[in-house]
Amino acid sequence: MGLVSYFRLMRAGYVLAREGALSIVPVKDLPPALAPLGLGVRLARLIERPSVKKTGQVERLNTALNRLGPTYVKFGQTLATRPDVVGPQIASDLSALQDRMEPFDPAFVPAILTTALGEKAAELTEMSAPVAAASIAQVHRARLRPKDGLPQDVAVKILRPGVSERFMADIESFYVAARLAQGMVRSTRRLRPTEVVETLDRSARLELDLRLEAAAISEMAENIKDDSGFVIPTVSWDHVAQNVLTTSWVAGIPIRDHAALDAAGVDRKALAAKLLQAFLRHAIRDGFFHADMHPGNLFADPRSGDVIAVDFGIMGRINRKERRFLADILYGFISRNYRMIAERHFEIGYVPKDQSVDDFALAIRSIGEPLHGRTAADISMARVLGQLFAITDLFSMQTRPELVLLQKSMVLVEGVARALDPELDIWTVAEPVVGDWLRKEAGPLGRIEALKEHFDTIAEAAGRLPVIAAEAELALADYHATKAQPPDRAMRWAKLILMGLAGVTLLALLWRLVSGAAL
């Protein structure tokens, strides 16, 4: 496997060089430690096809990565979320990657459905030609005719044949490359290239099981069941398998087709506000959000003016602490409370305590103050978060992958919303969602929810204590048996110590409960 992986890497390097994709590497700006890399890039660019010099960097990347296959496209998209690894400019170029490929032969579809769904495959009729095709899967429109229900139009997503095996082979070569980079170029170690590959590995494995995407749709449906303005498809669980996902067909106008939206009388300003507020609501209130909201996955209902979202293969999740952090940061910029923003970074542990809160608040003020007095079109919430992450790097803040994914998603959402309404005032639109959630958190319901979380922690810890005590008692008995000594006295002392430890643990948890509720 190792030798094959090296050959795969060599072929990938050849394709990247031939298609001119290495032009994104800023050779002149590389540090001295990476001089060998710069020399290698210069030599590799000698074999570029002459025609690629007429194209842009993003187009070259698209061509090269799509030629190399789905794993490389996903790798490029993963690196787009890690400006700390590849630099802001390369991350920006990679964020424009388009995951589009020619569809596979529709003649394979009937056999794939029969193998995956068994007898249920016969209920999917009138299968169309592919309506969308990407590196991992393609989508068909079909007519579902269940034996015990009404016929309905559905979308059938099918994994490409052999894509899982291709991914497993490619990802092995990525691990080899990461280990080579860490071993040969010492300065890359702090960037943890192996962890970057592990991130890709985990996310792609999730995308390669469409049952998990169905579960994500189901979870989001529960979260938004009482909301308005944002619509997602429903899952037909009888027609779901590891490589097949069937959902209701959602008809709408592509959100990027502004002429069609205008012709249908859709209020684009209201649509932009619904999109931004829905995303913030999902991220801050639910901690579970659609992390691939590019224009190709968004539509508008011409009748209601609601946002329709599809393709839930990439989802983001942030916990309660991070949601409170995000809400406080956004509200801090809205209210110009820079001290609070700084304190939240220290309280959550993102910035080491040996740094200065005052200096950090000053750095944040340098981001926030230029925003006030400027027009809405000049202010970007995503850019503010990006600048915030850049400044925190000066204060030894470790990269938070979950927040970087959130920031990338916000860039996508804000870009779509601004295209719909160039005069969108994002802070005014965001305030009801962010402010209402913070007020709820500070109120009785928020305190009850926080108390519940602390009680759950205490119950879990208390439930483990008898098991720990029993295991310790057995260990002591075994020890004294081997020493041929009477264990009674030692056992009594051990039990007393364990009981004391249990009491101290519960007291500490109760103190955490009381102090946490008082905040």
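How much space lies in the second largest cavity? I found about 30 Å³ there.

**Ground rules**

I am working with a predicted model, where local features need pLDDT of at least 70, side-chain atom pairs count only at pLDDT 80 or more, and totals for chains, interfaces and linings use all residues. Residues are numbered from 1 along each chain as its sequence is written, and side-chain values use heavy atoms, with hydrogens and water left out.

**Entry 1: cavities**

I searched the whole structure and got two cavities of 30 Å³ or more. For my own record, a cavity is a set of points on a 1 Å grid over the protein atoms alone where a 1.4 Å probe fits but cannot get out, and lining residues have an atom within 4 Å of a point. Grid points are joined across faces, edges and corners, and a volume is the space filled by probe spheres set on the points.

I then listed the lining of the second largest cavity: Pro 70, Thr 71, Lys 74, Ile 136, Val 163, Phe 167, Ala 204 and Leu 208. Helix H4 (70-79) and helix H8 (163-184) are the elements that give two or more residues to this lining, and H4 gives the most, with three. Helices (H or I, at least four residues) and strands (E, at least two) are DSSP runs, numbered from the N terminus.

**Entry 2: helix H7**

Next I looked at H7 (residues 109-117), where Val 109, Ile 112, Leu 113 and Leu 117 are buried. They sit on the same side of H7, because they cover an arc of only 100 degrees around the axis, taken from the directions from the helix axis to the C-beta atoms. Pro 110 and Thr 115, on the other side, are exposed. Here buried means under 20% relative accessible area and exposed over 50%, with partly exposed in between (1.4 Å probe, protein chains only).

What do the buried residues of H7 pack against? I noted strands S1 (124-125), S3 (137-144), S4 (152-159) and S6 (244-248), with contact meaning heavy atoms within 4.5 Å. Gly 118 follows H7 and has a positive phi, near 65 degrees.

**Entry 3: aromatic pairs**

My search of the whole structure turned up two aromatic pairs. The rings of Phe 279 and Phe 289 have centres 5.6 Å apart and planes at 75 degrees, so I logged the pair as edge-to-face. The cut-offs are centres within 6.5 Å for rings of Phe, Tyr and Trp (its six-membered ring), with planes under 30 degrees apart stacked, over 60 edge-to-face and the rest tilted.

Conventions. On a 1 Å grid over the protein atoms alone, a cavity is a set of points where a 1.4 Å probe fits but cannot get out, and a pocket is an open set with protein on both sides within 12 Å along at least five of seven lines; lining residues have an atom within 4 Å of a point.
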